[in-house]
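My notes follow in the order in which I took them.

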Amino acid sequence: MIPVIDGHNDALLRAWRSGESLRERSEEGHLDLPRMREGGVAAGFFAIFVPEDDYEVDPREAVVVTEDGWEVPFAEPLIFERAAPIAHEVLAIAERDLTIVRTIADLEQCLEAGAEPGAILHLEGAEPIDAGLDNLDDWIERGLRSIGIVWSRPNAFGCGVPFHYPGTPDEGPGLTDAGRNLVRACNERGVMLDLAHLNEQGFFDVAAITDAPLVVSHSAAHSLAPMPRSLTDEEIDAIGDSGGLVGVVFDTVMTRSDGDLVFDTHLDVIAGHIEYIAERIGLDHVALGSDFDGCYPPAALDDASKMQALLEVLRWSDDELAKLAHGNWLRVLRATWKS
Ligand code: ZN
């Protein structure tokens, strides 16, 4: 097995809702520690994400059919007073269940045979950080190493893209002053910024001021599947120029050209996004970002234990697959994190 560093999962959200421990193999969802071990997933970015509602809402029920596709009503802004306490509840689950990766040395340790799978703590949507950044250092002290400026809704820092098909990421305004301050503060502290869910204006605002490689943890190529969440060729080129990477998402809806949810979608569809990005900006700039427990993966890849199946459909050398699976994440995090 080729060890994998996975760019994004929402297993903590599932655990927060269900009360399950991620140390046990679950019959539900996509990812827990036993299934990571079975699939050779050495480490992953574990999202701390605060949903709009306490109860689970099936996003499929919110889909509205339009003339040429579909849309989901744009999520409402989330206030700090709701986001911060729930994020701390989710953080407590991570501290209870997971081995938290704080340094490159920790991450390298995870790649050793027989090591415990590691968890890189990521905020998906910066709403639990107050707009004055007063509690940013507390979060870093607790182990946070990656911040997604927005999820698919506006917040104090920037604006995320809505879910619809077809569409482009060119919707909404760019970063706010607080968003620019967040970028600079993360640069100074060596915290990774994740541009997944960010709109195009915000993306290029970050690109203009950051001194770190650009990272989009779970996305796809807009040229192959025209969704606002996907990356335009201009965005992909900017990521390559910065030395960064795109983690390709395993979602069937985001990777299929027709934007449909089809569980028997062939793995070649997801591999096609990996190939496209590798051909455009080089295979040093593409990685994996499953979005397990946050998306609709195809049946052949529908939990972490099946991770190696995707590598098997790519006709790449072992060295190339090692870059895709973990080497590119290691390089980008070495260039981004400060000890
Ligand atoms: Zn996401």
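**Entry 1: helix H8**

I began with the burial of H8 and found Asp233, Glu235, Ile236, Ala238, Ile239 and Gly240 buried; buried means under 20% relative accessible area, exposed over 50%, and partly exposed in between, with a 1.4 Å probe and protein chains only. This is a predicted model, in which local features need pLDDT of at least 70 and side-chain atom pairs count only at pLDDT 80 or more, while totals for chains, interfaces and linings use all residues. Residues are numbered from 1 along each chain as its sequence is written, and side-chain values use heavy atoms, with hydrogens and water left out. Helices (H or I, at least four residues) and strands (E, at least two) are DSSP runs, numbered from the N terminus.

**Entry 2: H8 against H7**

I took the axes as lines fitted to C-alpha atoms, for helices over the stretch in contact, with angles from 0 to 180 degrees between N-to-C directions. The axes of H7 (residues 200-209) and H8 (residues 233-241) come within 11 Å and cross at roughly 20°. That makes H7 roughly parallel to H8; angles under 35 degrees count as roughly parallel, over 145 as roughly antiparallel, 65 to 115 as roughly perpendicular and the rest as oblique.

I noted the crossing of H7 and H8 as left-handed, which is the term if the near helix is turned anticlockwise from the far one by less than a right angle, right-handed being the clockwise case. Glu200, Phe203 and Phe204 of H7 make the contact with Glu234, Glu235, Ala238 and Ile239 of H8, where contact is heavy atoms within 4.5 Å. I sorted the residues of this contact into four nonpolar, no polar and three charged. Ala, Val, Leu, Ile, Met, Phe, Trp, Tyr, Cys and Pro count as nonpolar, Asp, Glu, Lys and Arg as charged, and the others, Gly among them, as polar.

**Entry 3: H8 against H10**

I then turned to H8 and H10, whose axes come within 10 Å and cross at roughly 60°. H8 and H10 are therefore oblique to each other, and their crossing is right-handed. On the H8 side I found Asp233, Ile236, Asp237 and Gly240, which meet Tyr276, Ile277, Arg280 and Ile281 in H10. The contact of H8 with H10 divides into four nonpolar residues, one polar and three charged.

**Entry 4: salt bridges**

How many salt bridges does the count come to? I got 18, a salt bridge being a side-chain nitrogen of Lys or Arg within 4 Å of a carboxyl oxygen of Asp or Glu.

I looked up aspartate 303 and arginine 35, whose closest N and O atoms are 3.9 Å apart in a salt bridge. Aspartate 303 sits in the loop between strand S12 (286-288) and helix H11 (307-313), and arginine 35 in helix H2 (residues 33-39), so I logged a link between distant parts of the chain, 268 residues apart. Buried or exposed? Aspartate 303 and arginine 35 are both buried.

Glutamate 116 and arginine 37 form another salt bridge, at 2.9 Å between the closest N and O atoms. Glutamate 116 is partly exposed at 34% relative accessible area, and arginine 37 is partly exposed at 39%.

In a further salt bridge, aspartate 137 and arginine 189 meet at 2.6 Å, N to O. This pair joins helix H5 (residues 136-141), which holds aspartate 137, to helix H6 (residues 177-189), which holds arginine 189, 52 residues apart.

Most residues other than glycine have a negative phi, and most peptide bonds are trans. I found a cis peptide bond between tyrosine 165 and proline 166, with omega about -10°. Proline 166 is in the loop between strand S8 (164-165) and H6.

Leucine 133 has a positive phi near 65°. I placed leucine 133 in the loop between S6 and H5, and at 16% relative accessibility leucine 133 counts as buried.

Histidine 197, not a glycine either, has a positive phi of about 75°. Histidine 197 lies in the loop between strand S9 (192-194) and H7 and counts as buried at 5% relative accessibility.
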